[in-house]
Amino acid sequence: MTAAPAQEAAVSGRERFAKPLFLLTVLAGSFLLFLTQPMIARMALPRLGGAPAVWNSAMLVYQGLLLAGYAYAHFLTRIPPRRQAGLHLALFAVAALWLPIGVSSAILPADSVPALWAPWFLASSIGPLFFIVSAQAPLMQRWYALEGARGDPYPLYAASNLGSFAGLLSYPLLVEPLLTLEQQSLLWSLGYILLVLMVVACALTIPPAAVEAMPKAEGPAPSRRRLLHWVALAAIPSGLMLSTTTHLTTDIVAVPMLWVLPLALYLLSFVIAFAHRRGLANLIVNLAPLFLLVAGGFAFSGGTSLPFITATLGLLLLFIIAVALHAEMYRRRPEPAHLTAFYLAMAVGGVLGGVFCAILAPTLFDWAYEHPILIVAAALLVPQIPFIPWAIDMPARLRWLLVAGMLALSWAVDQRLGPFDSDGSALLGSILISLVALAFIGWRWAFAAGLAALMLSYGGWTKLDESREGVRTRSYFGVYTVTTRRSPPSRQLTHGTTLHGVQNLTPGGETEPTSYYARRSGVGHALMSLRTFRDPDAAVGVVGLGTGTLSCYAQPGQDWRFFEIDPAMVRIARDPSIFTFLSRCAPQAKVVLGDARLSLAREPAGRLDLLAVDAFSSDAIPIHLLTREALQVYRRALKPDGLLLIHISNRYLDLEPVLAAASKRDGWHSAALDYSPGLEEEGRNVSRSVWVAMTRDADTLMILRISSAEDAHLWRPLLGRPGFPGWTDDYASVLPLLEDWNAWLPGVLKP
């Protein structure tokens, strides 16, 4: 008679620790999972290069592995629980063969397509580890639910995403600045071993009654329509997270590490949507349609005059939509027996959203149209309660007549037609549209149409006109826009929010080097010095083609070679109907397609007299082009007395300490020229620029100063930063290089 109470006491003691144990296990697994993604990206960057197709492929590898992990967890529940545990732990042991975590030693073949080779490379490097860890969130919840007295397992998913959120933010804020890649790999591997021990402990809590019994379903299996609804509710936030990042960096502001914020808010939305206490989630769900009108209406607006405010509204919109749709998923969740099917549908939706934004949208659209499309789709899915009671009885025919009128009004407002030819009257027209759309809350299709009309009134019709006129080109790198100005007559190319080249159209001035490449800039002085101090057949390499402005320094007999990663940029620069720098100044120049670092590593050693590095993606320098190993590639490509010029103008990062540390460490002779044009030069489209000259030969630097004539005094020693070690492939962090916080708020804190 005493055995039963003793057994009950043992079970009670075990259950006392079950919830915190499962909570910590789910947290640890998700933390490791989202620490893996940025860490492996950093490890693979020097190997794969910065091709955008590569990173789109990499993202899909992560999402595909996550989907595979969720599918594995779903099908694993078809066998008895203790056998599940045995199989799961066996696969943990197999995956441990890939420790310590890192990338494989495979090298990208010269004739391969990176976008096709990268998935195999990443999957072979981390596939088994990522797969087995990704299964933790749904599988641990299923094991937790085997003991009915433990309560609802779904709030554990909130803890899972809290761990993901912590893992994501800890990498750029703590792990990357403090640890080398080798140390990061060791830390992750130790975390993996700890996770295995936690899973073993969770397996020991499986109730004895569930040892051999197959889990029985509680309630009917989800219908196909219900599964598709879950997929849609998951796909919209997943896609919107990516489209928000693209929209912000393309049309608002290219701030370093901005990609972290949308992903972090996306993960945080799960924490609120799946929380046991529903107060905050319910409040956000009720406010979501209203906020869609307030912030979603600016989806086509550039917002560059107030980028901080516009970016904040965009991020809040993502967060509120994600919470609202994920909360709707939580409301429609199944019984715990069908829990893994629920998460599998969620993973399918996540992959579909990623495929739409990362693969389909850049192919189908010339601008980030996926962003407003997803916002309108969210308007169709968010729960809605009529906001204006008297509008409930509005006849359907009247609603659709009002929708047609709103669309016509939005066109007149955006085109400044009739009474809407001023900013004030146009604003009143948009307010009228928003008030009518407000009355449509509760009628999904009418509300979505009203929201679309409001978006179009704030620049949407203009964006569509620009697409029709063909002034934009989109690639995996982003959106390139070519615009023509009348005063002064010129044509310019912008990539996102950053100027990438401008050509004067004044007769006689078409071949004048402009923007960052003017004759008095650092690169201008360096290229002009070749005429006097080098052989007439000097070899010149340029990393980054842009509009081809630098080609107008080319002299007869010189060998010019551009290294450009984006075929779209080559088409723009070579089209004489757009820019004529190349066709007029250096039609014989060769363009080498591919990541510049990998391409230069395949070039003959000691061939170049001068190498200019000007590779920017919007306003961000690719880190792998400024590490110690990258500089060694450049040194190999240059002659012993060759000259390296690196463009470091940047709105948000002070890159000079990176090169100062490299110069001190590796014996480069270096100097910087910070050039600010006068008013007359600005009228000829000359921009401020900062160029750094580096060479192994001190005489070469002296010759550069002499050839700079009246600007010789502008060359100055590089300014380092105490304690900053520079960048290597093993260690690189942008946090120590961020400029003054005011630079993050242009147009708000600055006049």
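Helices here are DSSP runs of H or I with at least four residues, strands are runs of E with at least two, and both are numbered from the N terminus.

**Entry 1: getting oriented**

I am working with a predicted model, so local features need pLDDT of at least 70 and side-chain atom pairs count only at pLDDT 80 or more, while totals for chains, interfaces and linings use all residues. Residues are numbered from 1 along each chain as its sequence is written, and side-chain values use heavy atoms, with hydrogens and water left out.

I looked up the overall make-up and found 25 helices and twelve strands. The protein has 751 residues, and 58% of them count as buried (buried is under 20% relative accessible area, exposed is over 50%, partly exposed is in between, with a 1.4 Å probe and protein chains only). I also checked contacts (heavy atoms within 4.5 Å) between residues at least 6 apart in sequence, and 78% of these join residues at least 24 apart.

**Entry 2: two cis bonds**

I noted that most peptide bonds are trans. Then I went to Leu99 and Pro100, where the bond is cis, with omega near -5 degrees. Pro100 sits in the loop that runs between helix H4 (81-95) and helix H5 (114-134).

Ser487 and Pro488 are also joined by a cis peptide bond, with omega about -10 degrees. I found Pro488 in the loop from strand E2 (478-485) to strand E3 (490-495).

**Entry 3: H6 against H8**

I picked helix H6 (residues 136-144) and helix H8 (residues 181-204) and looked up how they pack. Their angle is about 25 degrees and their axes are 10 Å apart (axes are lines fitted to C-alpha atoms, for helices over the stretch in contact, and angles run from 0 to 180 degrees between N-to-C directions). That is why H6 counts as roughly parallel to H8 (under 35 degrees is roughly parallel, over 145 roughly antiparallel, 65 to 115 roughly perpendicular, and the rest oblique).

The crossing of H6 and H8 is left-handed (the near helix is turned anticlockwise from the far one by less than a right angle; clockwise would be right-handed). Which residues in H6 and H8 meet? On the H6 side I listed Gln136, Met140 and Trp143, and on the H8 side Leu195, Val199, Cys202 and Ala203. By class, this contact has six nonpolar residues, one polar and no charged ones (nonpolar is Ala, Val, Leu, Ile, Met, Phe, Trp, Tyr, Cys and Pro; charged is Asp, Glu, Lys and Arg; the others, Gly among them, are polar).

**Entry 4: Trp143 and the cores**

Trp143 turned up again when I looked at the largest nonpolar core, which has 141 residues (a core is a set of buried Ala, Val, Leu, Ile, Met, Phe, Trp, Tyr and Cys residues joined through side-chain atoms within 4.5 Å). Trp143, Trp188, Phe274, Leu292, Tyr343 and Met346 have the most contacts inside this core. Apart from it lies another core, of 43 residues, which includes Tyr480, Ala554, Leu610 and Ala612.

I then listed what Trp143 touches, skipping residues up to four places away in sequence: among them are Phe22, Gln84, His88, Arg150 and Ile206.

**Entry 5: Phe440**

Phe440 is in the loop between helix H16 (423-439) and helix H17 (444-469). Is Phe440 buried or exposed? Its relative accessibility is 0%, so Phe440 counts as buried. Leaving out residues up to four places away in sequence, I saw that Phe440 touches Gln384, Met394, Arg399, Leu402, Val403, Met406, Ala446 and Phe447. From Phe440 to Gly450 is ten residues in sequence and 7.6 Å in space, C-alpha to C-alpha.

Ser515 has a positive phi, near 50 degrees. Ser515 lies in the loop between strand E4 (498-504) and helix H18 (522-533), and with a relative accessible area of 0% it is buried.

Asn685 has a positive phi too, near 65 degrees, and is in the loop between H24 and E11. At 9% relative accessibility, I put Asn685 down as buried.

Ser687 also lies between helix H24 (679-682) and strand E11 (689-695), in the loop. With 18% relative accessibility, Ser687 counts as buried. Beyond four places in sequence, Ser687 touches Leu499, Ser515, Tyr516, Tyr675 and Pro677.

**Entry 6: Leu179**

I finished at Leu179, in the loop between helix H7 (155-178) and H8. Leu179 counts as partly exposed because its relative accessibility is 22%. Leu179 and Ala732 are 553 residues apart in sequence and 9.4 Å apart in space, C-alpha to C-alpha. Not counting residues up to four places away, Leu179 touches Gln184, Leu187 and Tyr731.
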